[in-house]
Amino acid sequence: MAQTYKASFTKYGQGDQNGSPNCNTATAACGFYTYPGYNAAVSQNLFGVGPGAGAGPGCGSCWQLNPQTDSSGHALKGAKSIVVKVNNLCPAQGNPLCAQNGMSGTNQYGANVNFDTCIDDGASAALFGSSGVGLAVGTATKVSCAQWSGSKNIT
């Protein structure tokens, strides 16, 4: 049976409000970037290790993201389901969205995991579509990477 979690979805990358660097580089925590193909950073509980510990067991896993509501619980219009490959960590410390306590813990939106979708590879634009939001809540289901369309690049 596939792993499915209630999930929150955000976006990060070059030009975001937090001053993040390009999110589609080989300097991501997993040591690879995707081109083409969508990637995301995941909350520390799903990634499997903390900052500075290298590639966690979540690296390279593929997830179908299904946004359903905005942060206020209103149904989304214009958002789309996409498949991403995990290539980075969304650290728990200082980041409540990614600070769930274990896989049964939740963040402030009731989500067990957070997927921070990459702006620089188009994942954020594909997921949020014309919805006009930058944070959504829905489900994330682990899928075979055969459902992900992209290439993993190390250099």
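**Exercise 1. Work out the surroundings of Asn24 in this predicted model: which residues does Asn24 touch, leaving out those up to four places away in sequence?**

Step 1. Start with the contact list. Asn24 touches Tyr33, Thr34, Asn39, Cys118, Asp120 and Asp121. Keep in mind that we're working with a predicted model.

Step 2. Asn24 sits in the loop between strand S1 (4-12) and strand S2 (33-34).

Step 3. A polar atom of the Asn24 side chain lies 2.7 Å from the backbone oxygen of Thr34.

Step 4. Check the accessibility. Buried means under 20% relative accessible area. Asn24 comes out at 14%, so Asn24 counts as buried.

**Exercise 2. Now take Tyr35: is Tyr35 buried or exposed?**

Step 1. Find the spot. Tyr35 belongs to the loop between S2 and strand S3 (39-43).

Step 2. Apply the cut-off. Exposed means over 50% relative accessible area. Tyr35 has 62%, so Tyr35 is exposed.

Step 3. See what Tyr35 still touches. Setting aside neighbours within four places in sequence, Tyr35 is in contact with Ser151 and Asn153.

Step 4. Thr25 is ten residues from Tyr35 in sequence, and their C-alpha atoms are 9.7 Å apart in space.

**Exercise 3. Trace the barrel: in what order do the six strands close?**

Step 1. Write down the order. The barrel runs S1-S6-S3-S5-S4-S7, with mixed pairing. Neighbouring strands of this sheet are turned by 45° against each other on average, direction ignored.

Step 2. Recall how pairing works. Strands of a sheet pair through backbone hydrogen bonds, either parallel or antiparallel.

Step 3. Go around S6. S1 and S6 run parallel and are joined by six bridges, with Phe9 partnered by Phe115 in S6. S3 pairs with S6 in the antiparallel sense over three bridges, and Ala41 has Asp116 as its bridge partner in S6.

Step 4. Go around S4. Strand S4 (residues 62-70) and strand S7 (residues 136-143) run antiparallel, joined by eight bridges. S4 also runs antiparallel to strand S5 (residues 82-90), with four bridges.

Step 5. Zoom in on the residues. Cys62 stands opposite Lys85 in S5 and opposite Val143 in S7. Trp63 has Lys142 as its bridge partner in S7.

**Exercise 4. Check the cover on S6: how many of the residues of strand S6 (residues 113-118) are buried?**

Step 1. Count them. Six of its six residues are buried.

Step 2. Link back to Exercise 1. Cys118 is also one of the residues that Asn24 touches.

**Exercise 5. Zoom out to the whole chain: how many helices and strands are there?**

Step 1. Tally the elements. The protein chain has two helices and eight strands, and from the N terminus they run β-β-β-α-β-β-β-α-β-β.

Step 2. Compare with the globule rule. The radius of gyration is 14 Å, close to the 15 Å that the rule gives for 155 residues, so the chain is as compact as a globular protein of that length.

Step 3. Of the 155 residues, 47% count as buried. The accessible surface is about 7200 Å², and 49% of it belongs to carbon and sulfur atoms.

Step 4. Look at contact range. Among contacts between residues at least 6 apart in sequence, 75% join residues at least 24 apart.

Notes:
Residues are numbered from 1 along each chain as its sequence is written. This is a predicted model: local features need pLDDT of at least 70, side-chain atom pairs count only at pLDDT 80 or more; totals for chains, interfaces and linings use all residues. Side-chain values use heavy atoms; hydrogens and water are left out. Two strands pair if DSSP finds at least two bridges between them. Axes are lines fitted to C-alpha atoms, for helices over the stretch in contact, and angles run from 0 to 180 degrees between N-to-C directions. Buried means under 20% relative accessible area, exposed over 50%, partly exposed in between (1.4 Å probe, protein chains only). A polar contact is a pair of N or O atoms within 3.5 Å; within protein, one must be able to donate a hydrogen and the other to accept it, and residues adjacent in sequence count only if both atoms are side-chain atoms. Contact means heavy atoms within 4.5 Å. The radius of gyration is taken over C-alpha atoms; the globule rule is 2.2 Å times the number of residues to the power 0.38. Accessible areas come from the Shrake-Rupley method with a 1.4 Å probe; for residues, only the protein chains shown count as cover.
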